[in-house]
Amino acid sequence: MYDHILVPYDGSDEARKGAEHGIELAAALDSTVHALYVIDLPGTPRALALRDDEEEMREEYRNYGEEVLASLGTVAEEHGVDYETHFKTGAPSEEIVEFAEDEGMDAIVLGSAFRGKLGNLLGGTTDKVVRTSSVPVISQRMSVNDI
C-alpha cells in the first residue's frame, strides 16, 4: 500500500517529529523512506549582494541538508528502514508536492508546527502540501508540550 513514503525534512523540531512518525510507519509497513531536503533560496527579486553570493549560499544550504539527512538516515537505519535522500531547490511546498507526484510516492509524512489559534489562519508548508497534493498526506502536529 505505502511502499514509498516521502519524508520532507529540514532539521527543525516539527520536521523531526513528522520524520520519526514517517520512519516508524515505514518500519511497520516495510516501506522505503525517501527523505527530501528543499533548498529554499531567498525570493526574487534578490538584492544584488545576495545574487553575487548565490552559489555560496546554495553550497551552504546543500551542506546543511546533507548533514540533517544523514542524521535522519541514522534513525532510519536504527529502525531497519530502507532510506534514500533527495534534494530540490525552490518553494518547499511546491517542490514537495511535485516530487511526490513525479516520483510516484504513495504517501507524504511531515510535521506541522504548533502555531496557536491565530497561526492556523496563516498556514505553513504543511497546510499548503495538504491542500495541493494528490498524494495522501499524513501530518504529525506538534503540541504545546513539544515546544
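Asp-30 is exposed in this predicted model. Its relative accessible area is 68%, and the cut-off for exposed is over 50%. The residue sits in the loop between helix 1 and strand 2.

**Nonpolar cores**

- The largest nonpolar core has 23 residues.
- Those with the most contacts inside this core are Ile-5, Val-7, Tyr-9, Ile-23, Val-33, Leu-72 and Val-81.
- Strand 1 (4-8), helix 1, strand 2 (32-39), helix 3 and strand 4 (107-112) each give two or more residues to this core.
- Helix 3 supplies the largest share of the core, six residues.
- Another core, of twelve residues, lies apart from the largest one. Among its members are Leu-6, Ile-96, Val-97 and Met-105.

**Contacts of Val-7**

- Neighbours within four places in sequence are left aside here.
- Val-7 is in contact with Ala-19, Gly-22 and Leu-72, among others.
- Its contacts also include Val-33, His-34, Ala-35 and Leu-36.
- Val-109 is another residue in contact with Val-7.

**Helix 1 with helix 3**

- Helix 1 (residues 13-29) packs against helix 3 (residues 54-78) at an angle of about 30°, and their axes are 10 Å apart.
- Angles under 35 degrees count as roughly parallel, so helix 1 is roughly parallel to helix 3.
- Their crossing is right-handed.
- From helix 1, Arg-16, Ala-19 and Ile-23 meet Leu-72, Val-75 and Ala-76 of helix 3.
- By class, this contact of helix 1 with helix 3 has five nonpolar residues, one charged residue and no polar residues.
- Ile-23 and Leu-72, both in this contact, are also among the residues with the most contacts inside the largest core.

**Helix 4 with helix 6**

- Helix 4 (residues 92-102) and helix 6 (residues 125-132) have axes that come within 8 Å and cross at roughly 40°.
- That angle makes helix 4 oblique to helix 6.
- The crossing of helix 4 with helix 6 is right-handed.
- Helix 4 contributes Pro-92, Ser-93, Ile-96, Val-97 and Glu-101 to the contact.
- Helix 6 contributes Thr-125, Lys-128, Val-129 and Thr-132.
- By class, the contact of helix 4 with helix 6 has four nonpolar, three polar and two charged residues.

Conventions:
Residues are numbered from 1 along each chain as its sequence is written. This is a predicted model: local features need pLDDT of at least 70, side-chain atom pairs count only at pLDDT 80 or more; totals for chains, interfaces and linings use all residues. Side-chain values use heavy atoms; hydrogens and water are left out. Axes are lines fitted to C-alpha atoms, for helices over the stretch in contact, and angles run from 0 to 180 degrees between N-to-C directions. Helices (H or I, at least four residues) and strands (E, at least two) are DSSP runs, numbered from the N terminus. Angles under 35 degrees count as roughly parallel, over 145 as roughly antiparallel, 65 to 115 as roughly perpendicular and the rest as oblique. A crossing is left-handed if the near helix is turned anticlockwise from the far one by less than a right angle, and right-handed if clockwise. Contact means heavy atoms within 4.5 Å. Ala, Val, Leu, Ile, Met, Phe, Trp, Tyr, Cys and Pro count as nonpolar, Asp, Glu, Lys and Arg as charged, and the others, Gly among them, as polar. A nonpolar core is a set of buried Ala, Val, Leu, Ile, Met, Phe, Trp, Tyr and Cys residues joined through side-chain atoms within 4.5 Å. Buried means under 20% relative accessible area, exposed over 50%, partly exposed in between (1.4 Å probe, protein chains only).
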